[in-house]
Amino acid sequence: MSSLSRRAVMAATSALPSASALLLLLAALPPAFAHDHDSGKIEDGKTISDAPIDTILWIHIFIQMAAWGVIFPLGMVLGMVKSRWHVPLQVVGTALAIVGYFIGHRHKGREFRHDNVHSKFALPISLMLGAQVVLGIYLKLHLEKGIHGKIRRVAKLGHGILGKALPIFAWAQMLFGGITALGFCQGEHVAQCLAHFIMGSAFIAYGILLTILLLVGQLWLKRTGRSQEFFDSAVITAWGVVNTFTEHRWGSAWVENDWQHTTMGIIWWCAGLVGIWLSRDRDGRPQRNFIPGFIILITGWAFGGHPQHMQVSAEVHKMYGYTLMAAGATRIIEVSLVLRDRATISANGRETNSFQYIPVFLLYASGFMFMGATEEQMELVASSSMDHVSYILILYSLAALLFLFTLMLVQIYDSNTGPALAKKEGDAERLGPRLSGNVPVRDAQEFELEGLMSDDEDESPTKHAHGDDESLNSTVGQNSDGQAR
């Protein structure tokens, strides 16, 4: 790099705190300049007007999705690996978020009530972003002397926590945005929306966590001294206890869905306790088990059997049930047959089998399908020209995109923090089938010859030592002697 280029890079870097300060000032402006939504065109009993979404609002949607859904998560990973691109990317993301905020308050067309959940949640998430910018500027100044040394440790911790929490809050805000744009989840539909979006998001989060553990978390699991099923079963147990006492409004009449949801919570904590018990063997060592996969499978079966009032809803719920059942079944196969109850395929935890990605992806798909199966969404699909097959394929496509994005983020993290391997292990040193369908040659020969050897041959190792079969004499020792000499 030339001296001119180096000076340019240094100048740009030194200007980043100033640019961040400007973005912080701008981030504080939106609440002050926010306008009240005109609700005069909204009919009584509704939350949106009949006008279509205009171009400005679509621009707002895509800008905010890019900033909060792509740039900030990518910037979070770059910050975790201490990349020099972390600060520039976060500056760009903050600038886009601010621009998108102002654009969202300048739209025409469809109007919304001013007290919608998307508007209310904008303030806390904007404050989180502002705090993140403040802490980032402070850390960028590298003030470490005196009391700043203690403040810096706290600021670094807070910056890391906020950075990892923002994608989660952004996910919630994007869901709120979709709900608000369509006028869904009001009145009697609130409880169903909460159930679908919380449970669907939980399955997606489970898939993301399994992706992380599969690719970069295996050695961490070994260090905990626990099997993965211990943590899975503990969460399942806790979730089951909550569902048992919240799915039915106690004191009111029981209906069929109340029975199903409540008993589903009961089987979760009952079987979850079994999974916790089986997570250790009789000697107290970590042990794999089938319980989490079984819970996912039976949950899919139960959801697939929920009574529905529309054909499209019945088909979507049926496919959701099949998807979740497949996720549970493949998880059991992975633990029992692919891994053979081991924690990992290889000792270094970096090898994976292609089958292991199947239950992970199916959890993503299950989450999107459940979030997209509320009554209002089903009514919208039924009133359109779209059939249930097309709708299901769209949901699977969204799951594939999020799965891809998660894999990319994990790959970025792993490539910047993983151990440097001089040479990838050869096929003969890996377990499981290869892409060509072959297994290591030595293992295949041992398997084929083991049944051909007689008991006499096993018990008489001196038979060939007397020269009975010269063709079986090994040359390894002779070659070694020659090298030694």
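The structure holds 16 aromatic pairs, a pair being rings of Phe, Tyr and Trp (its six-membered ring) whose centres lie within 6.5 Å. This is a predicted model, in which local features need pLDDT of at least 70 and side-chain atom pairs count only at pLDDT 80 or more, while totals for chains, interfaces and linings use all residues. Residues are numbered from 1 along each chain as its sequence is written, and side-chain values use heavy atoms, with hydrogens and water left out. The secondary structure comes to 18 helices and zero strands; helices (H or I, at least four residues) and strands (E, at least two) are DSSP runs, numbered from the N terminus.

**Aromatic rings**

- A pair of aromatic rings is described by the distance of the centres and the angle of the planes.
- Take W220 and F231: their ring centres are 6.0 Å apart and their planes meet at 35 degrees, so this pair is tilted; planes under 30 degrees apart would count as stacked, over 60 as edge-to-face, and the rest as tilted.
- W220 belongs to helix α8 (residues 218–224) and F231 to helix α9 (residues 228–246), so their pairing ties together parts that are eleven residues apart in sequence.
- W220 is partly exposed at 42% relative accessibility, and F231 is partly exposed too, at 31%; here buried means under 20% relative accessible area, exposed over 50%, and partly exposed in between (1.4 Å probe, protein chains only).
- R226 sits over the face of F230, at 4.2 Å from the ring centre; a charge counts as over a ring if NZ of Lys or CZ of Arg is within 6 Å of the ring centre and within 35 degrees of the ring normal.

**The cluster around F403**

- Ring pairs join F361, Y364, Y396 and F403 into a cluster.
- F403 lies in helix α15 and is buried, with a relative accessible area of 10%.
- Leaving out residues up to four places away in sequence, F403 touches T211, Y357, V360, F361 and Y364; contact means heavy atoms within 4.5 Å.
- V360 is 43 residues from F403 along the chain, yet their C-alpha atoms are separated by 8.7 Å.

**Nonpolar cores**

- The largest nonpolar core has 43 residues, and V316, Y320, L324, L363, Y364 and M369 are those with the most contacts inside it; such a core is a set of buried Ala, Val, Leu, Ile, Met, Phe, Trp, Tyr and Cys residues joined through side-chain atoms within 4.5 Å.
- At least two residues of this core come from each of α7 (190–216), α10 (256–278), α11 (291–304), α12 (311–338), α13 (357–371), α14 (375–382) and α15 (388–417).
- Helix α13 gives the largest share of this core, nine residues.
- Y320 is in contact with F203, F303, S366, M369 and F370, leaving aside its neighbours within four places in sequence.
- A second, separate core has 14 residues, including F121, L129, I137 and L162.

- What does G321 touch, not counting residues up to four places away in sequence? Its partners are G300 and G304.
- G321 is found in helix α12 and counts as buried at 1% relative accessibility.
- The C-alpha atoms of G321 and W301 are separated by 5.5 Å, although these residues are 20 apart along the chain.
- Q132, in helix α5 (residues 117–140), is buried at 7% relative accessibility.
- With residues up to four places away set aside, Q132 touches G158, H159, L162, G163 and L166.

**Cysteines and a loop contact**

- One disulfide is present, joining C185 to C193 with an S to S distance of 2.0 Å; a disulfide is a pair of cysteine sulfur atoms within 2.5 Å.
- Is the pair C185 and C193 buried or exposed? C185 is buried, and so is C193.
- The torsion about the S-S bond of C185 and C193 is about -85 degrees, so this disulfide is left-handed.
- C270 counts as partly exposed, at 32% relative accessibility.
- N353, in the loop between α12 and α13, is buried at 17% relative accessibility.
- The N353 side chain reaches the backbone nitrogen of F355 at 2.8 Å.

**The chain overall**

- Of the 485 residues in the chain, 37% are buried.
- Among contacts between residues at least 6 apart in sequence, 77% join residues at least 24 apart.

Key: Polar contact = N/O pair within 3.5 Å; in protein donor to acceptor, adjacent residues only side chain to side chain.
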